[in-house]
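Please look at the sequence and the structure shown below before reading on. The notes that follow take the arrangement of strands and helices step by step.

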Amino acid sequence: MADHQLARALSVFAPVLYVDPPAIRRPRVAGAEGPAGVRVLQPMRLPLLRNRWTAFLTRFLVAAQIRRQLRIVGVQRTLLIEANVTSPVVGILGEARSVYWAQDDWQGLAEIVGLNPRILERNERSLVRRSSAVVAANPLVADRLTRSRSDVRLIPFGASTSMFESESEDDARPTRRAVVMGTINARIDFTLLDAVVCAGVALLLVGPITDTDAGAAVDRLCERGDVEYRPQAPFRDMPEVLRGCAVGLVPYTHSLFNEGSFPLKTLEYLAAGLPVVATDLPAIRWLGCPDVDVADAPDAFAAAVRTLVDRPGPDLQGRERRRSFAREHDWERRAEAFVEVLALRDEVGARI
């Protein structure tokens, strides 16, 4: 996830307490087994988050657990990056400076995960008003938030490029397989994947299925052609998975949530040296990468994929060009931008 990768990148500048979404169980803390400089807390929450008062009380419960961890490690000044709109703790944590990190369009998210959209809207308005700074990960979200606050900063997601750049003998071998990696659910436009399979392209799907309809769609694809589905692959193994592929796909629908998101997999495909075919989303347009073909109609999408997989040879020059583009969007660069927003270089002994 983007949160995890940014936390690792920020730990170069200051110790980081990473707070997982709260769960209905005893708090969990991880230290030594996590990345250097990152301590992980999963706080306990109350049930029934759709209830207004339960959601309100959960904020203070979560804040109390965070403050306890900060006391344990002896933190004097805290810089907060708040990305949780269900139980935000901005203003009640005692932080020296706070940044609201608007990763997605939360109204679209509420529809997908079954949260109360009114609570999310109210929480976001409060975050925008009370935070020291606001950062948006998507140009559409940045435009929307700018209506309420003029100093919104656009810092999109990045990629752990060095992880995806490891070389292998497979890089010199031609392949004709397209890949979709990530969570498989209603965000995906399966009519596009159907068209890709009908065009005679081998397809690999990697990631958990979190939607019954999506599971049925994957089953139909697997019955129709050269399609392989892998339900899970550790993130560290994804570079190896991508080596056997010719093109990465971002076949998203134009839902409210997708329009206000930043498909992290796009940069990860490019970091692995793969060209990309994606639907026409604001974040994709913002990237402006010549190695990302944009197509919405099934026939056009499939034709773009087929053209890329039919290219002769391993395209080593194109592979390096795409990796070079991805390096410009590495998480290290994103972390440096957050350091600037947090005014971290002016802080002494601060913890993020």
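In what order do the six strands of the open sheet stand, and is their pairing parallel or antiparallel? In this predicted model, the six strands form an open sheet in the order 10-9-8-11-12-13, and the pairing is parallel. In general, strands of a sheet pair through backbone hydrogen bonds, either in the parallel or in the antiparallel way.

**The sheet as a whole**

- Strand 10 (227–230) and strand 13 (292–294) stand at the edges with a single partner strand each, so one side of each is left without a neighbour in the sheet.
- From one strand to the next, the twist averages 25°.

**Strand 11 and its partners**

- Strand 11 pairs with strand 8 in the parallel sense over two bridges, and alanine 178 stands opposite valine 247 in strand 11.
- Strand 11 also pairs with strand 12 in the parallel sense, here over three bridges, and the bridge partner of glycine 248 in strand 12 is valine 276.
- Val247 and Leu249 point one way from strand 11, while Gly248 and Val250 point the other way, and all of these residues are buried.

- Strand 12 (residues 276–278) is joined to strand 13 by three bridges, and the two strands run parallel.
- Valine 276 has valine 292 as its bridge partner in strand 13, and valine 276 is also the partner of glycine 248 in the pairing described above.

**Helices lying across the sheet**

- Helix 8 (residues 212–224) lies across strand 9 (202–206) and strand 10, and runs at about 140° to strand 10.
- Helix 11 (residues 264–271) lies across strand 8 (177–181), strand 11 (247–250), strand 12 and strand 13, and runs at about 175° to strand 11.

**Helix 7 against helix 13**

- In general, two packed helices are described by the angle between their axes and the distance between the axes.
- Helix 7 (residues 190–198) and helix 13 (residues 298–309) pack at an angle of about 50°, with their axes 8 Å apart.
- Helix 7 and helix 13 are therefore oblique to each other, and their crossing is right-handed.
- On the side of helix 7, Thr191, Leu192, Ala195 and Val196 meet Pro298, Phe301, Ala302 and Val305 in helix 13.
- The residues of this contact of helix 7 with helix 13 divide into seven nonpolar, one polar and no charged.

How values were computed. Residues numbered from 1 in each chain as written. Predicted model: local features only at pLDDT ≥ 70, side-chain atom pairs only at ≥ 80, totals over all residues. Heavy atoms only, no water. Axes fitted to C-alpha atoms, helices over the stretch in contact; angles between N-to-C directions. Helix = DSSP H or I, 4+ residues; strand = E, 2+ residues; numbered from the N terminus. Parallel < 35°, antiparallel > 145°, perpendicular 65-115°, else oblique. Left-handed = near helix turned anticlockwise from the far one by under 90°. Contact = heavy atoms within 4.5 Å. Nonpolar A, V, L, I, M, F, W, Y, C, P; charged D, E, K, R; others polar. Pairing = 2+ DSSP bridges. Buried < 20%, exposed > 50% of the residue type's maximum accessible area, 1.4 Å probe, protein only.
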